[in-house]
Amino acid sequence: MIDTLELDLVRSRLAGLERPPGPADIAAAMRAEGMIVTDDVLMQTIESLRRNSVGAGKLEPLLRQPDVTDVLVNGPDQVYVDRGFGLELTGVRFSSDADVRRLAQRLASMVGRRLDDASPYVDARLPDGTRVHAILSSLADPGTCLSLRVPARRNFSLEEMVTAGSITAGAAQLLRRMVHGRLAFLISGGTGSGKTTLLSALLGVVPSTERLLIIEDSRELAPVHPHLVRLEARQGNAESAGAVSLTNLVRQALRMRPDRLVIGEVRGAEISDLLMALNTGHEGGCGTVHANSARDVPARLEALGALSGLGRDALHAQLAAAIDVVVHIVRGEGGRRWVSEISVFRRGVGGLVEAEPAVDFKLDGTTRLGPACRRLEGLLDR
């Protein structure tokens, strides 16, 4: 019977495969560790690996709760969850940092990733769609940290978001017209504000005759649409080989006859390729971007453009021609999320692009028209 130490050694070897292991891989790993491999021992080892590689151990009950979106582990003594109302400390504890580390390594090995002192952090997506980030105690205090983001268990339509109070009926009507009018738009907001949820809902109203090309760093978007193709970036292995960036995927998507080009989150040099694509006849493109307000989006894109060597003037020139609208979503106290603003891009002083408010949506349900209201109507009617 294989013991715990031997099982850990086998698991460490399998993690270097960068893919899910098969029986032959497990047998080879056992032999490499000097173990005697018989049919019975191999079957016992496979069963032990399966039993210890499924689920998230002590965290599994938290991940299965229907309202939990995030589970955060800060060393052995602090486990937090987010149920949509801010972070809450739970009663879950680990016996030691080594216990947290073993769980982190096990989760990494489920997707063939390596996590050890030579490669002390990992960012990956588990087979069930859960996104996991882990960083070992050699770099983190108060110990090994795990961050688990649970994928949305259901999709929300615009109508359901109206019912939930995340968006007003008037805003839903404007957004629907924006999608059908093939305006290019970005959804901005902070972490956990609901950008992905809103984008999925908007993609759900794209006509069924159109082909969606969705490009993501880690799969999160799940729109209800009959014709969509997903492209997902890939990180390099322990030797930094085999990486596929969002920039590469944008270029591939342009050769796949997209009606709508969608980037789940604009976060780097891919902004240059996206803007060029939207300036060459690919209407209706969209994505999300982290920003504190709609007004801050041009500065955020300017910083991202610098990563690809795109100068400030060139970025603003392409931005003015490529993106029509910014939809900003916020998360207030108590976890309430709502669409707060629709803004329109315009050239300002010196040719720099500015986001000018068109409509403000207040938490109490009231609406205030902004200076760009007529320009928004003109875009919707063109």
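An open sheet of 9 strands runs in the order E9-E8-E10-E11-E7-E12-E13-E14-E15, and its pairing is mixed. At the edges stand strand E9 (228-232) and strand E15 (367-369), each with a single partner strand, so one side of each has no neighbour in the sheet. On average, neighbouring strands are turned by 25° against each other, direction ignored. Please keep in mind that this is a predicted model. The points below start with this sheet and the helices on it, then move on to the hairpin region and some backbone details.

**Inside the sheet and on top of it**

- Strand E12 (residues 325-331) and strand E13 (residues 337-347) run antiparallel and are joined by 7 bridges.
- In this pairing, Arg 331 stands opposite Arg 337 in E13.
- Helix H12 packs on the sheet, where it touches E13 and strand E14 (353-361). The direction of H12 makes about 110° with that of E13.
- Helix H13 (residues 373-381) lies across E12, E13, E14 and E15, and runs at about 85° to E13.
- As background, strands of a sheet pair through backbone hydrogen bonds, in either a parallel or an antiparallel sense.

**H12 and its helix partners**

- Helix H10 (residues 270-278) packs against helix H12 (residues 312-322) at an angle of about 45°, and their axes are 9 Å apart. That angle makes H10 oblique to H12.
- The crossing of H10 and H12 is left-handed.
- On the H10 side, the contact uses Ser 272, Leu 275, Met 276 and Leu 278; on the H12 side, it uses Leu 315, Gln 318, Leu 319 and Ala 322. These residues divide into 6 nonpolar, 2 polar and no charged.
- The axes of helix H11 (residues 297-307) and H12 come within 10 Å and cross at roughly 125°. H11 and H12 are therefore oblique to each other.
- The crossing of H11 and H12 is right-handed.
- Pro 298, Leu 301 and Glu 302 of H11 make this contact with Arg 312, Leu 315, His 316 and Leu 319 of H12. Here the division is 4 nonpolar, 1 polar and 2 charged.

- Strand E4 (121-125) and strand E5 (131-135) run antiparallel, with 5 bridges between them. Arg 125 stands opposite Arg 131 in E5.
- E4 and E5 form a hairpin with 5 residues between them, and Gly 129 in the turn has a positive phi of about 95°.
- Gly 129 counts as buried because its relative accessibility is 14%. Leaving aside neighbours within four places in sequence, Gly 129 is in contact with Arg 149 and Pro 151.
- How far is Gly 129 from Ala 322 in sequence and in space? The two are 193 residues apart in sequence and 32 Å apart in space, C-alpha to C-alpha.
- E5 also pairs with strand E6 (residues 145-149), in the antiparallel sense and over 5 bridges. Val 132 stands opposite Leu 148 in E6.
- Thr 144 lies in the loop between E5 and E6 and is buried, with a relative accessible area of 0%.
- Not counting residues up to four places away in sequence, Thr 144 touches a list of residues that includes Val 73, Asn 74, Asp 97, Arg 101 and Ile 135.

**Backbone details worth a look**

- In general, most residues other than glycine have a negative phi, and most peptide bonds are trans.
- A cis peptide bond joins Asp 141 and Pro 142, with omega about 25°. Pro 142 is found in the loop between E5 and E6.
- Arg 182 has a positive phi, near 60°, and is not a glycine. Arg 182 lies in the loop between helix H7 (169-180) and strand E7 (185-189), and counts as partly exposed at 22% relative accessibility.
- Arg 257 also has a positive phi, of about 55°. Its place is in the loop between helix H9 (246-253) and strand E10 (260-263).
- Is Arg 257 buried or exposed? Arg 257 is exposed, with a relative accessible area of 56%.

**A mostly covered helix**

- In helix H8 (residues 195-203), 7 of the 9 residues are buried, so the helix is mostly covered.
- The buried residues of H8 are Lys 195, Leu 198, Leu 199, Ser 200, Ala 201, Leu 202 and Leu 203.

Conventions:
Residues numbered from 1 in each chain as written. Predicted model: local features only at pLDDT ≥ 70, side-chain atom pairs only at ≥ 80, totals over all residues. Heavy atoms only, no water. Axes fitted to C-alpha atoms, helices over the stretch in contact; angles between N-to-C directions. Helix = DSSP H or I, 4+ residues; strand = E, 2+ residues; numbered from the N terminus. Parallel < 35°, antiparallel > 145°, perpendicular 65-115°, else oblique. Left-handed = near helix turned anticlockwise from the far one by under 90°. Contact = heavy atoms within 4.5 Å. Nonpolar A, V, L, I, M, F, W, Y, C, P; charged D, E, K, R; others polar. Pairing = 2+ DSSP bridges. Buried < 20%, exposed > 50% of the residue type's maximum accessible area, 1.4 Å probe, protein only.
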